[in-house]
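I opened my notebook to look through a single chain, entry by entry. I wanted to write down what I looked up and how each term is defined.

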Amino acid sequence: MSKGKKTIICDWKTGLPNQKGKKSLADNKSRLWKYKGSFAWHGIKTEKYKPTGKDWSNILRQTLIGKHGETTKFHLRYFEIVTGGYSSFEVHKHEHVVICIRGKGICIAGKKNYKIGFLDIIYIEPKAPHQLKNPFKEPFGFFCIVNAKRDKPKIIDITVH
């Protein structure tokens, strides 16, 4: 890693078995996260989208792969946005893969708006400003796959755009 560059691992302050980024192989065991209905899995906690901030609303996160001792180079998260909710409008160096599995939503990626529905997949390239939102009547749920080692997002002030 080059001097002066800081890579953020996992979800910034939570979930690492070892804060130096090295996960114990003893924790890396095959396991099943049993689906319990209502877009929830046994043993997986539902968390706030982010610990703080006023640039998002009505969105929850579950980290399915990446906080339980796995040594994957990716994390798999499930997000759910209720009617009127939205994620931060942000930019960073890592990429995303978003797979809609519940309802429908809008994804802003770069200068384009995409309406996404059940099993639609969107790839968000590195450095593309992006936001997911739900202007529809039913919850919008999606899997999001990102790099395990990733940079911290930079929030874009939407009042100037």
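**Entry on Glu 90 and Lys 50.** I looked up Glu 90 and Lys 50 and found that both are buried, where buried means under 20% relative accessible area, exposed means over 50%, and partly exposed lies in between (1.4 Å probe, protein chains only). Glu 90 forms a salt bridge with Lys 50, with the closest N and O atoms 2.6 Å apart; a salt bridge is a side-chain nitrogen of Lys or Arg within 4 Å of a carboxyl oxygen of Asp or Glu. This pair links distant parts of the chain, since Glu 90 is in strand S7 (residues 90-91) and Lys 50 is in the loop between S4 and S5, 40 residues apart. I noted that strands (E, at least two residues) and helices (H or I, at least four) are DSSP runs, numbered from the N terminus.

**Entry on the model itself.** I reminded myself that this is a predicted model, in which local features need pLDDT of at least 70 and side-chain atom pairs count only at pLDDT 80 or more, while totals for chains, interfaces and linings use all residues. Residues are numbered from 1 along each chain as its sequence is written, and side-chain values use heavy atoms, with hydrogens and water left out. The pLDDT is the predictor's confidence in each residue, from 0 to 100; the chain has a mean of 87, and 82% of its residues reach 70 or more. I marked residues 7-19 for caution, as pLDDT stays under 50 over them.

Glu 47 is in strand S4 (residues 47-48) and Arg 61 in strand S5 (residues 57-65), 14 residues apart. Arg 61 counts as buried because its relative accessibility is 7%. Lys 67 also meets Glu 47 in a salt bridge, at 2.7 Å from N to O, and this pair is 20 residues apart, with Lys 67 in the loop between S5 and strand S6 (74-86). Lys 67 has 18% relative accessibility, so Lys 67 counts as buried. I wrote down that Glu 47, Arg 61 and Lys 67 are linked in a network of salt bridges.

**Entry on Leu 60.** Leu 60 and Tyr 49 are eleven residues apart in sequence, yet 4.8 Å apart in space from C-alpha to C-alpha. Not counting residues up to four places away in sequence, Leu 60 touches several residues, including Glu 47, Tyr 49 and Phe 79, where contact means heavy atoms within 4.5 Å.

**Entry on Gln 131.** Gln 131 lies in strand S12 (residues 130-133) and counts as buried, because its relative accessibility is 6%. The side chain of Gln 131 reaches the backbone oxygen of Ser 87 at 2.9 Å.

**Entry on strand S8.** Strand S8 (residues 96-102) is mostly covered, with five of its seven residues buried. S8 pairs with strand S11 (residues 121-124) in the antiparallel sense over four bridges, where two strands pair if DSSP finds at least two bridges between them. The partner of Val 98 in S11 is Ile 122. Six bridges join S8 to strand S13 (residues 140-147), and these two run antiparallel; there, Cys 100 has Phe 142 as its bridge partner.

Methods
A polar contact is a pair of N or O atoms within 3.5 Å; within protein, one must be able to donate a hydrogen and the other to accept it, and residues adjacent in sequence count only if both atoms are side-chain atoms.
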